[in-house]
Amino acid sequence: MRERPVGELVQRLPIAQSGVSRHLRILKDAGMVTSRADGQRRIYALRREPFQELSDWLDRVRQHWEHSLDNLELELSRRKAALSPSPEDDT
Amino acid sequence: MTARQVIERTFDAPIELIWELWTTAEGRGSWYGPRGFSTEVHRYELEVGGAFDYTMRASTPEMAANMERMGRPPAFTVNAVITALEPHQLIAWRETHGSDSILTTARFTQRDDGVHLELVLEAASEQQLGGAAMGWKSTLERLAEQLAQPG
């Protein structure tokens, strides 16, 4: 993950330095970013883990649904067939 | 903020039959669930605010063994609440798994080639966003609180 000093983030955002620092402190408390000191500067980076976990979880949910919808298609064919019996059964 | 996924399918069947398989306990139990599990629907109250309770159970010895290896019980029960309902058009429900909440919306539209399903999954997840990390939603709520303060 690319690191950025606070000063660079301030330049890119329409928010004053104090506001940016406050956002970053909250994101750090929440585990979304990390920070380290570099002399007088403070350097921030996004943490990959929270995003990766979210993405893994979404993959699992998607798999669950794709499998369920395959089952649903089978079940629909079964019931459609039961609703319209073939001529041989019509005796 | 929520994470959002969309899954789409088109079914070559009448909407009445599809709706029955989605909205009756017996119909829903006949197809719903991950691979290796069977689903039993205990309560399905078809109204906004109604209960949708079901249990998913490992249906093979292999899956039961897998669950045990992961330290999980072989069956788990979900208590969901129906949040929106329009017959033959839309059903939505909210499930809570620990600190995770998932809103699922199934919307059906008649098209020339069959009944189109658009399934939208929205998660406001705290646990899944990592360890002690707060969820996006609460993070942004805290941000908003902080920004509202002077100084």
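A residue counts as partly exposed when the number of other C-beta atoms within 10 Å of its own falls between the limits for buried (20 or more) and exposed (12 or fewer). That cut-off is needed at two stops of this tour, which runs through a predicted model.

Start with chain A as a whole. Three helices and three strands make up its secondary structure, and from the N terminus they follow the order β-α-α-β-β-α. Chain A has 91 residues, of which 8% count as buried. Take the contacts in chain A between residues at least 6 apart in sequence: 35% of them join residues at least 24 apart.

Next, select helix 3 of chain A, residues 49-83, and pick out Val61(A) within it. Val61(A) has 18 C-beta neighbours inside 10 Å and therefore counts as partly exposed. Now show its contacts across to chain B: leaving aside residues up to four places away in sequence, Val61(A) touches Gln5(B) and Leu121(B).

Move to chain B and select helix 3, residues 61-69. Just after helix 3 of chain B, stop at Gly71(B), where phi is positive, about 75°.

For the last stop, go to the loop of chain B between strand 4 (75-86) and strand 5 (90-97), and select His88(B). Check the backbone here: His88(B) is not a glycine, yet its phi is positive, near 65°.

How values were computed. Residues are numbered from 1 along each chain as its sequence is written. Chains are lettered from A and ligands numbered from 1 in the order in which they are written. This is a predicted model: local features need pLDDT of at least 70, side-chain atom pairs count only at pLDDT 80 or more; totals for chains, interfaces and linings use all residues. Helices (H or I, at least four residues) and strands (E, at least two) are DSSP runs, numbered from the N terminus. Two residues are in contact if their C-beta atoms, placed from the backbone, lie within 7 Å.
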